[in-house]
Amino acid sequence: MTDFLKGRCHCGAVRFTLPGSAAGVLACHCQDCQRMHGNYNAFFAVPRADVQMEGEDALVWYSSSEASRRAFCGTCGSRVLKEITAAGRWLVSAGLIEGQTGRRIVKNLWEQSKPDWYALPAVQG
C-alpha cells in the first residue's frame with residue numbers, strides 16, 4: 001500500500017493528495033449519485049484535514065442537501081468531491097486517483113436504489 005494517493009481533475013486545475021491510510025473504495029448507488037455520475041459513485045472517505053489540495057480556488061461548490069455540499073472543477077466539470085458538512089469528511093471521487101491504488105470496493109451503500117441495468121460491484125474485505 002502506498003504512503004499517499006494522488007489525484008486530479010480532468011484538466012489538472014485541481015490536484016489532491018490523500019493519506020495512504022485511506023480505507024478502501026465505497027460505492028454509493030443512491031439516486032443522487034446516479035444523477036451526478038450517470039452510474040454509482042465510487043469514492044474514498046477521508047477526514048477533510050487529511051486532504052492536501054492544490055487549486056482549491058478552481059472548485060465550484062453547491063449545497064446538495066441540508067447535510068452536504070458537492071464540488072466540481074469550474075474549468076473541466078470533473079466531479080471532485082462531496083463534503084459531509086457536520087462530519088468534516090470528504091468523499092473524494094476514486095476515478096480521479098492517478099495510477100493503481102491497490103484498493104478494492106469494501107462496501108456498497110444504498111443498494112436498494114441500484115438500477116436494474118448493472119450488478120452490484122463485488123465487495124472485498
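A charge is said to sit over a ring if NZ of Lys or CZ of Arg is within 6 Å of the ring centre and within 35 degrees of the ring normal. In this predicted model, Arg69 meets that description, as it lies over the face of Trp61 at 3.7 Å from the ring centre. Lys114 likewise lies over the face of Tyr118, at 5.2 Å from the ring centre.

**Aromatic rings**

A pair of aromatic rings is described by the distance of the centres and the angle of the planes. Across the whole structure, a search finds four aromatic pairs, and two of them are set out in the table below.

| Pair | Centre to centre | Angle between planes | Class |
|---|---|---|---|
| Tyr62 and Phe72 | 6.3 Å | 55° | tilted |
| Trp117 and Tyr118 | 5.0 Å | 70° | edge-to-face |

Why is the pair of Trp117 and Tyr118 edge-to-face? The planes of these two rings stand at 70°, and planes over 60 degrees apart count as edge-to-face. Trp117 counts as exposed because its relative accessibility is 53%, whereas Tyr118, at 12%, counts as buried. Ring pairs also bring in Tyr40, so that Tyr40, Trp117 and Tyr118 are linked into a cluster.

**Empty space**

Rolling a probe the size of a water molecule over the atoms shows where empty space is left. The largest pocket holds about 170 Å³ of space, and its lining is made up of His37, Tyr40, Asn41, Ala42, Arg79, Ser93, Ala94, Gly95 and Leu96. Sorted by class, this lining has four nonpolar, four polar and one charged residues.

Of the 13 residues that line the largest cavity, His37, Arg70, Ala71, Arg79 and Leu81 are the closest to its centre. Two or more residues of this lining are given by each of the elements α1 (31-37), β7 (68-73), β8 (79-84) and β9 (89-93), and the largest share, four residues, comes from β8. By class, the lining of the largest cavity divides into seven nonpolar, three polar and three charged residues.

Technical notes
Residues are numbered from 1 along each chain as its sequence is written. This is a predicted model: local features need pLDDT of at least 70, side-chain atom pairs count only at pLDDT 80 or more; totals for chains, interfaces and linings use all residues. Side-chain values use heavy atoms; hydrogens and water are left out. On a 1 Å grid over the protein atoms alone, a cavity is a set of points where a 1.4 Å probe fits but cannot get out, and a pocket is an open set with protein on both sides within 12 Å along at least five of seven lines; lining residues have an atom within 4 Å of a point. Grid points are joined across faces, edges and corners, and a volume is the space filled by probe spheres set on the points. Ala, Val, Leu, Ile, Met, Phe, Trp, Tyr, Cys and Pro count as nonpolar, Asp, Glu, Lys and Arg as charged, and the others, Gly among them, as polar. Rings of Phe, Tyr and Trp (its six-membered ring) pair if their centres lie within 6.5 Å; planes under 30 degrees apart count as stacked, over 60 as edge-to-face and the rest as tilted. Buried means under 20% relative accessible area, exposed over 50%, partly exposed in between (1.4 Å probe, protein chains only).
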